Amino acid sequence: MPCVADWLNNPFSIVQGIFAQNTPNSDWEKKVTDYFKEKLKENNATNWVPSLNDVPVHYLKPNSLVKFRCMVQDMFDPEFYMGVYETVDPNTNARVLHFGKYRDVAECGPQQEIDMNSSQTVTLERQTFYCVPVPGESAWVKEAYISASQARVSPSTSYTPSRHKRSYEEDEDMEQHPSKQKEQHMGSGGDSHGCGEPKRLETEASAGHHLISPNCSPPLDLNFPLPGEKGPACLVKVYESWDTFKVNDVLEVYGILSVDPVLSIVNSEERDSSTLDPMECMDTAEEQRVHSPPSSLVPRIHVILAHKLQHLNPLLPACLNEEESKTFVSNFMSELSPVRAELLGFLTHALLGDSLAAEYLILHLISTVYARRDVLPLGKFTVNLSGCPRNSIFTEHIYRIIQQLVPASYRLQMTIENMNHSRFIPRKDYTANRLVSGILQLASNTSLVIDETQLEQGQLDTKGVHNVKALGNLITWQKVDYDFSYHQMEFPCNINVLITSEGRSLLPSDCQVQLQPQIIPPNMEEYMNSLLTAVLPSVLNKFRIYLSLLRLLDYSISDEVTKAVEEDFVEMRKNDPESITADDLHRTLLVARFLSLSAGQTTLSRERWLRAKQLEALRKARLQQQKALLDLCHSKINPLSQSCLCDVSNLDHGTANFSKRRYSSAAATVSWRRSCVESCLKDTRSR
């Protein structure tokens with residue numbers, strides 16, 4: 001009988017036992033899945049499984065059970081493999097049946113050969129996903145997963161890795177010189193299963209891959225969406241229900257780790273062989289290189305279990321529908337009011353004493369697209385926080401605070417250089433047959449902070465115009481049109497966008513909130529650092545649970561309240577038909593929705609509706625006050641010197657110049673506008 005740890009350290013022994021007991025029945029695969037599913041349901045069993053997110057690949061035992069928290073960056077073409085195959089001993093003619101599932105290469109013992117013409121051979125299909133760590137995942141999320149892990153991965157005398165710890169550069173050097181790797185592998189004692197050196201054959205049916213010579217290739221691009229990202233990329237091989245997953249889904253997969261160096265050796269020998277007919281392999285050299293990268297850089301995971309993650313917050317139960325999770329939710333909801341009050345106070349201090357802006361920031365952080373009606377995404381709530389100091393570290397520190405609260409985020413500095421040179425939109429590379437990632441390929445519920453205070457006067461080229469339009473489409477329609485050269489493919493998304501700007505943003509938004517600081521700290525960095533250190537870790541965790549949990553709650557409006565809101569809106573239109581529009585109703589309903597959820601209420605009440613109207617009235621009053629000040633400023637400037645930049649939606653495929661424009665944080669006119677505002681304020685005070 002296998003020992004308790006075998007299902008972790010040697011899952012193949014479990015699979016082999018089930019396969020041997022159930023062949024030739026076809027349900028052995030389901031029994032394997034059920035076995036591991038039950039094992040992982042044991043107390044904290046999921047924490048025993050080492051994660052590729054936390055542990056370097058060279059600390060993990062090949063063919064052991066691992067897990068990986070990842071985003072599907074690309075989907076490769078399906079591949080065929082030998083699900084069941086038969087080996088024969090030429091001397092004794094003894095035949096043995098083997099399984100090829102969960103393997104990259106088929107293995108057989110000494111003195112055995114694979115019978116390619118056997119009637120027992122079963123060819124099956126599997127789907128390969130190219131997966132990367134969740135883009136922009138916060139440091140506190142990684143730390144929480146690491147602290148919860150109980151996996152034992154330190155090297156021990158019972159297992160000596162076939163290769164020692166090396167840097168990625170050293171790994172790549174080994175792949176570029178396969179002879180070194182072959183010598184190292186042959187000197188490690190041969191087969192790890194103790195049956196001598198077995199003959200191996202790739203289980204993939206398409207036997208013409210890996211023909212490119214690595215030493216002639218540029219360094220492998222791991223294709224992370226965000227610049228500066230680190231972590232392993234993996235080829236995740238899925239055997240069941242792969243049609244339920246799609247690009248940009250966030251998954252947690254449990255499977256068997258494959259980092260077999262034999263793949264590189266076999267591929268190198270095939271590349272050196274001159275007997276292959278080039279016409280037999282239709283794949284390009286670049287495609288072979290991208291789809292079959294060195295296993296030391298891009299390991300393979302053969303999936304036994306995989307599921308989409310409902311959220312990314314490790315402080316919440318993985319699934320909120322289970323009974324244990326319902327108890328957690330009800331206990332937290334009972335103390336929701338003090339948590340909200342503390343969070344409001346924390347964000348008020350972060351926003352320099354502006355409690356109204358803090359209210360709207362809370363509503364923004366719990367917003368999510370809950371449905372789509374035709375092309376309209378319902379629930380998106382992009383906030384433009386205007387009035388932010390220009391060229392200061394204020395926006396940077398606001399982003400630092402958001403990082404401490406949400407599971408995934410990214411700060412996009414909207415400079416002319418970034419707009420013109422960064423790749424925002426993923427594109428299809430037909431030569432390599434892969435999806436080249438871009439900044440806007442993000443996981444659902446990622447917080448994207450667009451820092452418009454960095455934008456200077458300059459010219460957008462064609463790429464810059466496309467990038468700005470992509471941001472506009474993301475905000476308005478919650479979709480990104482991926483570039484497939486001959487056409488565009490629409491990928492819906494659910495990204496929380498916060499725009500910080502000095503004046504009104506040039507990008508569209510659902511709600512503009514003018515920042516009105518009540519305090520001006522002499523040292524902004526010291527002020528923000530002291531604010532973060534003053535919050536207890538336990539309180540910070542409550543903030544994180546609060547923001548993630550409220551996004552997942554259901555919400556409804558009763559018929560009675562709906563009728564009351566309609567009557568109220570009609571009265572508002574009668575009193576002010578020029579100012580009150582359908583957009584105002586939609587925005588107020590959104591504010592009321594998130595205001596109710598922020599208080600733990602899953603249905604709209606009359607009280608929350610009135611509070612939403614009050615918040616909107618205060619917000620609009622600020623904008624009117626700011627507009628009056630700017631109009632007063634503009635009256636002191638020669639009107640001929642003011643040129644206006646067209647709206648983002650009207651940008652064509654040419655270039656666009658940034659110059660003086662009304663209410664723009666993107667203009668190079670900050671100095672004159674700021675001085676005028678200051679002089680106007682002085683004049684107002686003197687009166």
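This is a predicted model: local features need pLDDT of at least 70, side-chain atom pairs count only at pLDDT 80 or more; totals for chains, interfaces and linings use all residues.
Visitor: Is Q73 buried or exposed?
Guide: Q73 belongs to strand β1 (residues 65–75). Strands (E, at least two residues) and helices (H or I, at least four) are DSSP runs, numbered from the N terminus. A residue is buried under 20% relative accessible area, exposed over 50% and partly exposed in between (1.4 Å probe, protein chains only). The relative accessible area of Q73 is 1%, so this residue counts as buried.

Visitor: What relative accessibility does N248 have?
Guide: Phi of N248 is also positive, near 80°, in a residue other than glycine. N248 is found in the loop between β8 (234–238) and β9 (250–258). This residue counts as buried, because its relative accessibility is 12%.

Visitor: How far apart are the C-alpha atoms of S296 and P261?
Guide: S296 lies in the loop between α8 (285–291) and β10 (300–308), and is buried, with a relative accessible area of 5%. P261 is 35 residues away along the chain, yet the separation of the two C-alpha atoms is 7.9 Å.

Visitor: Which strands are the edge strands of the open sheet of five strands?
Guide: The order of this sheet is β14-β17-β21-β13-β22, with parallel pairing. Two strands pair if DSSP finds at least two bridges between them. Each edge strand pairs on one side only, and the two are β14 (409–413) and β22.

Visitor: In β21, which residue is the bridge partner of V449?
Guide: Strand β17 (residues 447–451) and strand β21 (residues 496–500) run parallel and are joined by five bridges. Within β21, V449 has as its bridge partner L498.

Visitor: Which residue in β22 stands opposite V383?
Guide: Strand β13 (residues 383–386) pairs with β22 in the parallel sense, over four bridges. Strand β22 (residues 511–514) is covered on both faces, with C511 and V513 buried on one side and Q512 and Q514 buried on the other. The residue of β22 opposite V383 is C511.

Visitor: How are α12 and α15 oriented to each other?
Guide: α12 and helix α15 (residues 524–534) pack with their axes 10 Å apart, at an angle of about 10°. Axes are lines fitted to C-alpha atoms, for helices over the stretch in contact, and angles run from 0 to 180 degrees between N-to-C directions. Angles under 35 degrees count as roughly parallel, over 145 as roughly antiparallel, 65 to 115 as roughly perpendicular and the rest as oblique. The two helices, α12 and α15, are therefore roughly parallel.

Visitor: In which hand does α10 pass α11?
Guide: Helix α10 (residues 336–350) and helix α11 (residues 355–365) pack with their axes 8 Å apart, at about 120°, and are therefore oblique to each other. A crossing is left-handed if the near helix is turned anticlockwise from the far one by less than a right angle, and right-handed if clockwise. The crossing of α10 and α11 is right-handed.

Visitor: Against which helices do the buried residues of α4 pack?
Guide: In helix α4 (residues 139–148), W140, V141 and A144 are buried. They lie on the same side of α4, because they cover an arc (taken from the directions from the helix axis to the C-beta atoms) of only 105° around the axis. The face turned away from this buried side carries the exposed residues A139 and E143. The buried residues of α4 pack against α12 (394–403) and α16 (537–551).

Key. Residues are numbered from 1 along each chain as its sequence is written. Side-chain values use heavy atoms; hydrogens and water are left out. Contact means heavy atoms within 4.5 Å.
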